[in-house]
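Please look over the sequence and the model below before reading on. The report that follows starts with one term and then turns to the chain and some of its parts.

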Amino acid sequence: MKRYTINNVPSTAVKVTHDKDMLRDASTTYAEAEVAVNVADLRNVTVETLEFLDGELVAVEEQPEENGETYAVRRTSHSQISLEPNPRVQNFGTKVSKQIKSSLLLRDGRFHHKNGGVKITAESFGYNNQTREFSWIEKDPMIHGNLDGGHTLCIIDDTVDSPDWKAVQTSAAEGGRDVQDQFVRLRVVAGVDSDEVPLIAEALNKSVNVDEGALEALAGSFDFIKQEFAQPKNGVAYPAILSQIAFKQNEINEEGKNFRIDAILQRLTVLNNREFNTDEKQPYHAYWSRIKNVQNFIKDREQYFRLRHLIADALALPEYIILNYRTWYEKDAGTKFGGTRECKTVKQSTPFTVLPIVRPGSAEFVEYQLKSDGLAMPIMGALRNLVSDGEVAEWLYDPYKFLDEVGPSLVDTLHSAVFTQRNVVTVLKDKGTWKNVYVIGKLRALQMKIAGTAA
């Protein structure tokens, strides 16, 4: 647990809002602080490691682990604010990054007017009027830290007090003018549930306008999905699934809409055995960039059209994996479920929407939530070994029966990576992890003599 403190923050620069201030019957405890921060103070934020001692939260010296190393997530070089919740890896060679740096180096006091700022999620935050200190606590580095503005944060760290920064001051002095302090808008939000953080980060970091999916729907590109669910099949009321799919922008907020169209494309990408047909080619981007799946669909619609008969299972399988995750985990794991970062149990339950429809009689919820539902994606990716290579893809073997048999091995393989890398988000972005889980699925499919499995 880390506490971050910024000094020299006047009270007039701090604005705090709560959901209860805006909503009459707010059931959440969300609070957000917007602070105008001098970029030099943000770069040199004070960082303390916190622990509970005799019931009080106190700062302690961070201790090394048994191997002599200290655990540290990927952080910016100076501010040490966690970048793990941010779905993007910062690229400083882009035009936008260069513009941010150029704007910062103007040292004209107007940076906060031209920049969107930095958004952070935290366990809590506070402001001390006497000391003029603004602080926040990051309890879990996987969900607390930078959600948006990662480029801005890193560029501030790399630029302030750099030779370029000092050269501007020297040049200004020689020209008889003064440089101005640069400020950035820092927004810190507390009270966000762990399962909401990826959704917020995704919304804040979209590199492609979400309207692309809506325009494709308007053009009829997704009619094959509507046709697939138009009529009941084998006694299953598939039209009930169709009513839960949002084809229009912002339709996800309407009652009964549980799946955006890009979420369906995400799952079909994971099962695309033609595009990802070798051990080395893995759809790991499907986890962290749903918008990229829309782009892939636009580039090659036929790849998704041939998977149309798998759509219902593509929606139900992640739920089936979550439903059985605890059982599979406890079968092979050496630790108790709920005792690790990736399997943190919570009081609220995980509801299922399509699983009871696709597989009548299945449970509608479980009394736990995984740290990230994305853990189901690499496991479902192993099921590409069961997909036929025909012009219309079909299952070569019942995927649910296969998971009943192989699920424990797949979960164990996935968690070996989690224990090694100690971060779920990093693991799910790791191509090697997806490959290892896929290969285990392929080896078991070969052992089970499932026809069509590539050696």
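A residue is called buried when its relative accessible area is under 20%, exposed when that area is over 50%, and partly exposed in between, as found with a 1.4 Å probe and with protein chains only. This is a predicted model, in which local features need pLDDT of at least 70 and side-chain atom pairs count only at pLDDT 80 or more, while totals for chains, interfaces and linings use all residues. Residues are numbered from 1 along each chain as its sequence is written, and side-chain values use heavy atoms, with hydrogens and water left out.

Helices (H or I, at least four residues) and strands (E, at least two) are DSSP runs numbered from the N terminus, and the chain holds 20 helices and 14 strands. Of its 455 residues, 48% are buried. Taking a contact to mean heavy atoms within 4.5 Å, 72% of the contacts between residues at least 6 apart in sequence join residues at least 24 apart.

In helix α3 (residues 95–105), the buried residues are S97, I100, S103, L104 and L105, and their cover includes α2 (39–43), α4 (111–114), α5 (150–159) and α6 (163–174). Just after α3, R107 adopts a positive phi of about 50°.

Strand β9 (residues 145–148) contains L147, which is buried with a relative accessible area of 1%. The C-alpha atoms of L147 and V189 lie 10.0 Å apart, although 42 residues separate the two along the chain.

Two helix pairs are set out below, with axes that are lines fitted to C-alpha atoms over the stretch in contact and angles that run from 0 to 180 degrees between N-to-C directions.

| Helix pair | Angle | Axis distance |
|---|---|---|
| α11 (residues 261–270) and α13 (residues 290–299) | about 75° | 8 Å |
| α15 (residues 311–332) and α18 (residues 399–421) | roughly 65° | within 8 Å |

The angle in the pair of α11 and α13 makes α11 roughly perpendicular to α13, a term for angles of 65 to 115 degrees. In their contact, D262, A263, L265, Q266, R267 and T269 of α11 meet R290, I291, N293, V294 and F297 of α13. These residues divide into 5 nonpolar, 3 polar and 3 charged, where Ala, Val, Leu, Ile, Met, Phe, Trp, Tyr, Cys and Pro count as nonpolar, Asp, Glu, Lys and Arg as charged, and the others, Gly among them, as polar.

The contact of α15 with α18 has 14 nonpolar, 3 polar and 5 charged residues, including Y320 and W328 of α15 and L403 and F419 of α18.

Conventions:
Parallel < 35°, antiparallel > 145°, perpendicular 65-115°, else oblique.
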